[in-house]
Amino acid sequence: MALAVALLATVPAHAESRFSLSVGHNVGRGTDEPLRWAERDAERMDTLFSQLGGVPEDRRILLRGEDPATVRLALARVRGRIEEARRMGERTLLFFFYSGHGDETALHLGGAPLPLAELQRLLADIPTTVTIAVLDACHSGAMVRGRSKGMKSAPAFDVSFVRQVGPEGRVLITSAGAHEVAQESDSLQGSYFTHHLVSGLRGAADVDGDARVSLAEAYRHVYHRTLAGSHGSTAAVQHPELSSQLAGEGDLFLTALERSQAQLELPPAVGDSVVLVEERTLQVMAEVEPRPEATVRVALPAGRYRVQVRRGAQVLYGRVYLPWGERQRLQPESLEVRTLALHQRKGALLEGAGWRRQAGLGVSRASTPAGGWGPQAGVFLAREASGGTGPSLVGGLTLGASRASTAALRLDQLELGAWGGVGVAGSLERVWTGAHVGVGVLGVLQRASSLEAERRDSLGLSASRLRTGAGAAVFAALSAELPLGARAGLFARMGGHASLVREDDQLRLQPVPTLLVGCTWGQ
């Protein structure tokens, strides 16, 4: 993989507008081994630019699996937008990120080349004050561990930094030096270099504690972490390199932690390293080395996270919940202490979340033709596939009561249902949503009371009789869960079923809407 950062000069400006173009492609030429996480890396960088880089949604472009012509068109669109901003006197900054296959002369987008010389010209033609271009290029190679994830390296670049304020110029960073390759990791669900770059930009690189990550801080962090990580985990050691051509004074800040939805504070000397994994998607969001005397803040989306703290031969493991707009401090005493061998055997960090339990109350219509509304209670088990939006299973029991009337009868009913279904589930900002379809079996106990008899006999003892029924149903439901803690949350479930119930020796079809709200908890 290779990462490039370029900064280009324009006229002085009073305000800064930021733009981003993120490109990912898992497929290269016919001889290139397909990648798994190049497109995911592009998604992660696009999200980071949005959350912490100050790039508005209407100024971000994300391309996955597209050809060179589409990339050229996207660059032309960005150029037009930046020229418009420049005419308004704004300072402009462009992030460009590419992850995929490549060699020393071209990027390989699905077998079609995009020459590096052409890409450099296209970027140079964009009249930005600042352009941040991220090139994550790969070629196939024989590796003992991991897939090769790097561009055939050009000669090493000199590294020079001058403090900048509103800098103008050009900077290039690569993830691997001359004759080196970079790699991607299945456990990280991305490349080693991008993993450490994202971690650094989320706060791990903020050495001076000012809640901003500068270009200099990001490079120092990603250089040392990538070098150490590749040395210990792969067959090829990576030496990130940087070439700088800057004019001006002061620092260029890439991310601001205060823009994040939530923050987690890591107390001083909490351990040797901390890994944070998003609970639902199992995406490794950040890997941080706590500092001996200072708190480290990590900027993250709101939600649930698994925490792994390495402390010598021990591992501290637990879960934390980061509410929207709040800053939480990690409490080491709340974490479970395990030996490394025990933690690896349990596989808790990157294993699926298991079954979640739900219990709720609501209202439902009866499944019999007489209808009638009444309260309903339900308990459910739900399981989602790890890795984000994907398949989901759900099963449960419901118990409802209802009352209905006809011209001659009052009907009091109890209804028991057993359900099982499949669907999909995924996150929508801080809410976890799901859609399911399935089947169920129903049992109905009905008490029918004669209204005329009750008028003659106030006790109604001779005016009622019990009837039973059974049937089957198909259902569809939409659900949403709002987390309230590391393991608990609130859920709402809206849907309905079409029941076919045998009543009085006849089969009757009835549509039944249902609404339930309650609590959910899990492992």
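User: Happy to look at this one with you! Are Arg225 and Glu287 buried or exposed?

Analyst: Good place to begin, keeping in mind that this is a predicted model. Buried means under 20% relative accessible area. Arg225 has 13% relative accessibility, so Arg225 falls under that cut-off. Glu287 is classed in that way too, which makes the answer for Arg225 and Glu287: buried.

User: Which parts of the chain does the salt bridge between Arg225 and Glu287 tie together?

Analyst: The closest N and O atoms of Arg225 and Glu287 are 2.9 Å apart. These residues are 62 residues apart in sequence, so their pairing ties together helix H5 (residues 215-233), which holds Arg225, and strand E16 (residues 284-288), which holds Glu287.

User: Nice. How far apart are the closest N and O atoms in the salt bridge of Glu289 with Arg225?

Analyst: Glu289 sits in the loop between E16 and strand E17 (296-300), 64 residues from Arg225 in helix H5. Glu289 is partly exposed, with a relative accessible area of 41%. The closest N and O atoms of Glu289 and Arg225 are separated by 2.7 Å.

User: What is the relative accessibility of Arg297, which counts as buried?

Analyst: Arg297 in strand E17 pairs with Glu258, from the loop between strands E13 and E14, 39 residues apart. Their closest N and O atoms are 3.0 Å apart. Glu258 is partly exposed at 49%, whereas Arg297 counts as buried at 17%.

User: Which residues are linked with Glu258 and Arg297 in a network of salt bridges?

Analyst: The whole structure has 22 salt bridges. Some of the residues involved are joined in a network, where Glu258 and Arg297 are linked with Glu265, Arg327 and Arg329.

Definitions and conventions: Residues are numbered from 1 along each chain as its sequence is written. This is a predicted model: local features need pLDDT of at least 70, side-chain atom pairs count only at pLDDT 80 or more; totals for chains, interfaces and linings use all residues. Side-chain values use heavy atoms; hydrogens and water are left out. A salt bridge is a side-chain nitrogen of Lys or Arg within 4 Å of a carboxyl oxygen of Asp or Glu. Helices (H or I, at least four residues) and strands (E, at least two) are DSSP runs, numbered from the N terminus. Buried means under 20% relative accessible area, exposed over 50%, partly exposed in between (1.4 Å probe, protein chains only).
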